[in-house]
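Subject: Handover of a structure

Hello,

Please find the structure below. My notes on what was found in it follow.

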Amino acid sequence: MSQDLLAQRGVSHRLDAYVVGATFNRSGTRVGFGLCDGCVVIGSQSGEWPRFETHDGGLLAITPDLAEGFLSGGDDGALSRTGLDGTISRVAQFGSKWVEQVASYGDAAAGLIACSVGKNLILFDQGGQKLKELPHPSTVTGIAFDAKGKRIAASHYGGASLWYAMAKTDNPRKLEWKGSHTGVTIHPGGEAVVTSMQENALHGWRLTDGQHMRMSGYPAKTGSLSWSRHGKWLASSGADAIVLWPFTGGGPMGKPPLELAQIPDIVCTKVAFHPAHDIVAAGYADGTVAMADIGGERVLRVKAPGDGEVSALAWNPQGTLLAFGTEEGLAGIVDLTAR
Amino acid sequence: MPDLIPVTVLTGYLGAGKTTLLNRILTEQHGKRYAVVINEFGELGVDNDLVVESDEEVFEMNNGCACCTVRGDLIRIITALLKRRGRFDGIIVETTGLANPAPVAQTFFIDENLRAKTRLDAIVTVVDALNLPRRLLDSPEAAAQIAFADVVVVNKTDLVSAEELAAVEAQVREINQIVTILRSERGDVPIDQILGRGAFDLDRVLEFAPDFLTDDSHLHNVDITSVSFSVKRPIDPARFTKWIGALFAERAIDMLRTKGILAYPGEDRRYAFQAVHEIADGAFIGPWKEGPRESKIVFIGRNLNRPQLRRGFEACQVDE
């Protein structure tokens with residue numbers, strides 16, 4: 001078998017801790033690998049990967065900071081910043097509560113930071129000043145900004161709530177569907193909100209008319225969702241292939257999903273759409289990382305099996321670098337620029 | 001594959017002595033580390049970074065199963081804890097005094113991730129000898145907590161006479177005739193009799209059952225009871241599956257726990273099964289001992305119609 005892309009044009013390190021999340025910084029040059037032991041490792045294509053003890057306990061979520069570093073939430077109740085130079089600061093501290101979700105939008109000049117703590121979604125401005133605290137009927141399990149940073153969605157029991165971040169009075173649009181919703185994403189064009197569910201399914205709401213969209217048939221839990229650039233496709237984990245639902249021409253209702261990069265009986269655990277092209281990367285339970293091209297239906301192997309389930313996957317904003325992490329603590333960055 | 005992490009569910013109404021027992025588990029030198037999910041820090045006087053506070057959030061699964069309620073908060077919290085599984089040897093889930101233990105137990109059978117990485121070890125219920133009779137009258141959860149238990153710790157035995165204690169234990173036994181009863185004064189029971197019991201392991205089903213009562217006691221002051229039957233002819237698997245399936249479909253809410261050991265025709269291994277409501281689990285376990293092979297079944301539940309259940313089970317036998 002030909003060598004995989006990681007061996008040819010990548011770099012990897014053993015971080016010896018479950019990689020909870022991986023995300024590039026805003027300029028796309030560094031990766032923040034968030035680890036289960038509370039550390040953030042800052043990875044790059046060359047040189048050492050410094051490790052910083054950001055949380056006193058476990059790290060639960062990581063996202064790009066508005067400046068060049070990373071934001072993370074932990075079971076130490078902290079919403080923390082880790083700068084590229086290793087400067088660690090607290091945006092907020094919530095006592096013994098877990099900070100389970102984090103999200104950001106914009107840049108250091110104008111942006112928003114969001115995190116969830118129990119049933120509340122808390123919004124901060126770019127300087128870390130708390131703007132508002134938005135309550136939900138049960139614990140918030142996922143949060144997502146829309147592409148313009150105007151709205152933010154939160155998933156919970158019984159559906160999702162869609163808020164206007166800067167509204168003077170906070171009345172969410174309630175998107176209801178019975179069951180436990182475990183994560184959420186908003187269509188890049190603002191057309192729909194989709195949640196992952198406890199029951200091996202996705203649920204969506206078309207925002208123009210509230211039409212329900214049921215996407216089921218997964219053999220395993222869904223959880224990782226990623227939109228193609230303009231929202232024509234929604235990629236999802238939870239099957240032994242990347243499952244892509246079409247969001248065009250009235251879809252996904254009444255249209256079968258596209259299945260790419262199947263590995264028989266091995267569950268796809270993470271998906272990440274390329275930021276510009278119709279290419280989607282995927283990680284699998286056996287440690288494989290692959291990339292599939294929607295038009296040509298070609299599949300490229302990025303990383304061979306092994307090293308534990310793929311638990312983190314991210315592109316840089318330029319779409320030139322792909323980062324991954326696994327449950328056994330292997331983390332890597334692959335250079336995909338044309339040579 | 002790494003070993004599955006054992007999970008112990010600790011229940012009991014307020015004031016029974018649950019927190020005292022939990023404090024002992026967390027402070028005693030037994031060489032094991034436990035992650036603990038509790039409802040509120042309250043009086044827990046232990047500084048432990050593996051203690052997690054959680055609001056009990058029960059939801060119904062959308063799978064058409066009437067009593068398929070699970071604890072979503074446990075799924076989230078334990079999934080996160082399992083990422084650091086090297087830091088602890090087991091998990092203890094403490095419930096509030098008003099909680100029904102079923103959703104907690106069902107969570108570990110229904111969520112595929114927890115099912116793959118953890119195993120339910122036992123449901124341990126703490127009651128206090130002085131107040132149990134009153135609690136059984138004023139709180140329906142008190143009886144449910146005993147019904148679901150694998151171990152009942154009868155605490156504060158120093159506050160009652162020997163006769164009162166015997167009456168309390170008879171009440172516990174009437175609700176759940178296969179439960180293990182431990183006595184304590186201040187939660188001072190040996191930790192190894194509470195943790196690591198493997199009560200949900202199929203090869204230990206009914207291991208702790210006393211001799212089956214031929215005549216059930218008739219205290220009749222609680223609506224939850226247990227009934228048990230044994231039959232001598234082998235059980236026809238198809239008949240049994242059909243009967244128990246129909247029974248669970250119709251009566252799932254009333255059937256709290258069921259355990260059985262069955263002799264199938266021409267099969268040298270015992271077939272064991274157990275269920276929490278209608279969520280059942282069964283497998284062949286070790287061989288029968290020499291001698292007659294009796295199939296046994298125990299039902300713990302509400303409004304159990306003993307003659308009807310007996311006839312149903314007897315009709316599952318192969319024809320003479």
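**Helix H9 of chain B**

In chain B, helix H9 covers residues 306–314, and its buried residues include Arg306(B), Leu309(B), Gly312(B) and Phe313(B). Helices (H or I, at least four residues) and strands (E, at least two) are DSSP runs, numbered from the N terminus. Buried means under 20% relative accessible area, exposed over 50% and partly exposed in between, with a 1.4 Å probe and protein chains only. Viewed down the axis of H9(B), the buried residues fall within an arc of 130 degrees, so they line one face of the helix; the arc is that of the directions from the helix axis to the C-beta atoms. Those buried residues of H9(B) pack against strand E10 (224–231), helix H8 (237–251), strand E11 (255–262) and strand E14 (295–302) of chain B. Contact means heavy atoms within 4.5 Å.

**Basis**

This is a predicted model, in which local features need pLDDT of at least 70 and side-chain atom pairs count only at pLDDT 80 or more, while totals for chains, interfaces and linings use all residues. Residues are numbered from 1 along each chain as its sequence is written, chains are lettered from A and ligands numbered from 1 in the order in which they are written, and side-chain values use heavy atoms, with hydrogens and water left out.

**Chain B as a whole**

Chain B contains 9 helices and 14 strands. Its radius of gyration is 20 Å, close to the 20 Å that the globule rule gives for 320 residues, so chain B is as compact as a globular protein of that length. The radius is taken over C-alpha atoms, and the rule is 2.2 Å times the number of residues to the power 0.38. The C-alpha trace of chain B spans about 65 × 50 × 40 Å along its principal axes. Of the 320 residues in chain B, 57% are buried. Among contacts in chain B between residues at least 6 apart in sequence, 74% join residues at least 24 apart.

Leu182(B) sits in strand E9 (residues 180–183) of chain B and is buried, at 9% relative accessibility. Leaving aside neighbours within four places in sequence, Leu182(B) is in contact with Val151(B), Val152(B), Val153(B), Val154(B), Val189(B), Gln193(B) and Ile194(B). Leu182(B) and Asn155(B) are 27 residues apart in sequence and 8.3 Å apart in space, C-alpha to C-alpha.

**Chain A**

Chain A has 1 helix and 30 strands. The radius of gyration of chain A is 19 Å, close to the 20 Å from the globule rule for 339 residues, so chain A is as compact as a globular protein of that length. Its C-alpha trace spans about 60 × 50 × 30 Å along the principal axes. In chain A, 60% of the 339 residues count as buried. Of the contacts in chain A between residues at least 6 apart in sequence, 43% join residues at least 24 apart.

Ile122(A) belongs to strand E12 (residues 120–125) of chain A. Ile122(A) is buried, with a relative accessible area of 1%. Not counting residues up to four places away in sequence, Ile122(A) touches Phe94(A), Ile113(A), Ala114(A), Cys115(A), Val117(A), Lys130(A), Lys132(A) and Glu133(A). Between Ile122(A) and Arg9(A) there are 113 residues in sequence and 40 Å in space, C-alpha to C-alpha.

Regards
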